[in-house]
Amino acid sequence: MVYLLFLNHPEGIVLVNIGDYEKELSDIYSKITKSDDVTKIQRRVSELTNLTGNSLHEKISKIKNSFVDELGEKLAKNYYICGNPGEPYKINLSPTLIQKL
């Protein structure tokens, strides 16, 4: 769900503002999960948007590692979420290459 959120925002997202995307994250998660447990969905989204926890950073790191493992660093850097603290994190893939469903 994190990756899909960033695909929807090619301009990037400043991580300290992730709470602003809570509704969108809930909508994405509701569409991709097989569970219809609203409490579970809210809990997962709350974990991601909690700035005192590491859930969001862990997800971003796992996404990066998966791309690097499969593609190597040179190609992967175009596909994973990257950024610097205080600046927008984004996927460096050209928005013209992203097909929305």
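**Reading the aromatic cluster and a surface patch**

Guide: In this predicted model, ring pairs link Y3, F67 and Y79 into a cluster. Residues are numbered from 1 along each chain as its sequence is written, and side-chain values use heavy atoms, with hydrogens and water left out. Because the model is predicted, local features need pLDDT of at least 70 and side-chain atom pairs count only at pLDDT 80 or more, whereas totals for chains, interfaces and linings use all residues.

Visitor: How many aromatic pairs are there by this rule?

Guide: A pair of aromatic rings is described by the distance of the centres and the angle of the planes. Rings of Phe, Tyr and Trp (its six-membered ring) pair if their centres lie within 6.5 Å, and planes under 30 degrees apart count as stacked, over 60 as edge-to-face and the rest as tilted. The count here comes to two aromatic pairs. The rings of Y3 and F67 have centres 5.5 Å apart and planes at 40°, so this pair is tilted. Y3 lies in helix α1 (residues 2-7) and F67 in helix α4, so the pair ties together parts that are 64 residues apart in sequence. F67 and Y79 form a stacked pair, 5.9 Å centre to centre with 20° between the planes.

Visitor: Is Y3 buried or exposed, and what about Y79?

Guide: Buried means under 20% relative accessible area, exposed over 50%, and partly exposed in between (1.4 Å probe, protein chains only). Y3, with a relative accessible area of 18%, is buried, whereas Y79, at 31% relative accessibility, counts as partly exposed.

Conventions
Helix = DSSP H or I, 4+ residues; strand = E, 2+ residues; numbered from the N terminus.
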